[in-house]
Amino acid sequence: MSLKRSTLCVLFPLVILGPFLDHLPARGAANSELISIRTPSGVTIQAEIADTPRKRAQGLMYRDHLKKDHGMLFFF
């Protein structure tokens, strides 16, 4: 029971405060979750998802480099 309660104590503030934290700067690629996309030719690409206005606005700005098999998907 204490595990459920402690999980709720962590998740509830995040749900309540999440919308107010949107003004914080976006994290770089090292901290973003990547998804694997396999092309019809068999190439696998690791991609970040830009699915919020903030992520789309920042995009790949401030990146010094991008690995050969990495990219970003922009959803509007």
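This is a predicted model: local features need pLDDT of at least 70, side-chain atom pairs count only at pLDDT 80 or more; totals for chains, interfaces and linings use all residues.
Residues are numbered from 1 along each chain as its sequence is written, and side-chain values use heavy atoms, with hydrogens and water left out.

The secondary structure of the chain consists of 2 helices and 3 strands; helices (H or I, at least four residues) and strands (E, at least two) are DSSP runs, numbered from the N terminus. Read from the N terminus, the order of elements is α-β-β-α-β. Helix 1 covers residues 2–17, and helix 2 covers residues 53–58. Of the 76 residues in the chain, 9% count as buried, where buried means under 20% relative accessible area, exposed over 50%, and partly exposed in between (1.4 Å probe, protein chains only). Contacts (heavy atoms within 4.5 Å) were also examined by sequence separation. Among those between residues at least 6 apart in sequence, 42% join residues at least 24 apart.

The strands make up an open sheet of 3 strands in the order 1-2-3, with mixed pairing; two strands pair if DSSP finds at least two bridges between them. Strand 1 (35–38) and strand 3 (70–74) are the edge strands, each pairing on one side only. Neighbouring strands of the sheet are turned by 45° against each other on average, direction ignored. For such angles, axes are lines fitted to C-alpha atoms, for helices over the stretch in contact, and the angles run from 0 to 180 degrees between N-to-C directions.

Strand 1 and strand 2 pair in the antiparallel sense over 4 bridges. S36 has Q46 of strand 2 as its bridge partner. The two strands form a hairpin with 5 residues between them, and G42 in the turn has a positive phi of about 100°. Strand 2 (residues 44–50) and strand 3 run parallel and are joined by 5 bridges. In this pairing, A47 stands opposite G71 of strand 3, and E48 has M72 of strand 3 as its bridge partner.

L34 lies in the loop between helix 1 and strand 1 and is partly exposed, at 34% relative accessibility. Not counting residues up to four places away in sequence, L34 touches Q46, A47, E48 and H70. L34 and G71 are 37 residues apart in sequence, and their C-alpha atoms are 9.2 Å apart in space.

A search of the whole structure finds 2 salt bridges, defined by a side-chain nitrogen of Lys or Arg within 4 Å of a carboxyl oxygen of Asp or Glu. Side chains of opposite charge can pair when their charged atoms come close. E48 counts as buried at 6% relative accessibility, whereas R63 is partly exposed, with a relative accessible area of 21%. A salt bridge also links D51 with K55, the closest N and O atoms being 3.4 Å apart. D51 is partly exposed, with a relative accessible area of 41%, and K55 is partly exposed at 34%.

The loop between helix 2 and strand 3 also holds Y62. Phi of Y62 is near 70°, a positive value in a residue other than glycine. Y62 is exposed, with a relative accessible area of 70%.

The accessible surface of the chain comes to about 6,600 Å², of which 65% belongs to carbon and sulfur atoms; accessible areas come from the Shrake-Rupley method with a 1.4 Å probe, and for residues only the protein chains shown count as cover. I35, L73 and F75 form a nonpolar patch on the surface, with about 230 Å² of accessible area together. Patches are made of residues with over 30% relative accessible area and no salt bridge, like charges being joined within 9 Å and nonpolar side chains (Val, Leu, Ile, Met, Phe, Trp, Tyr) within 5 Å.
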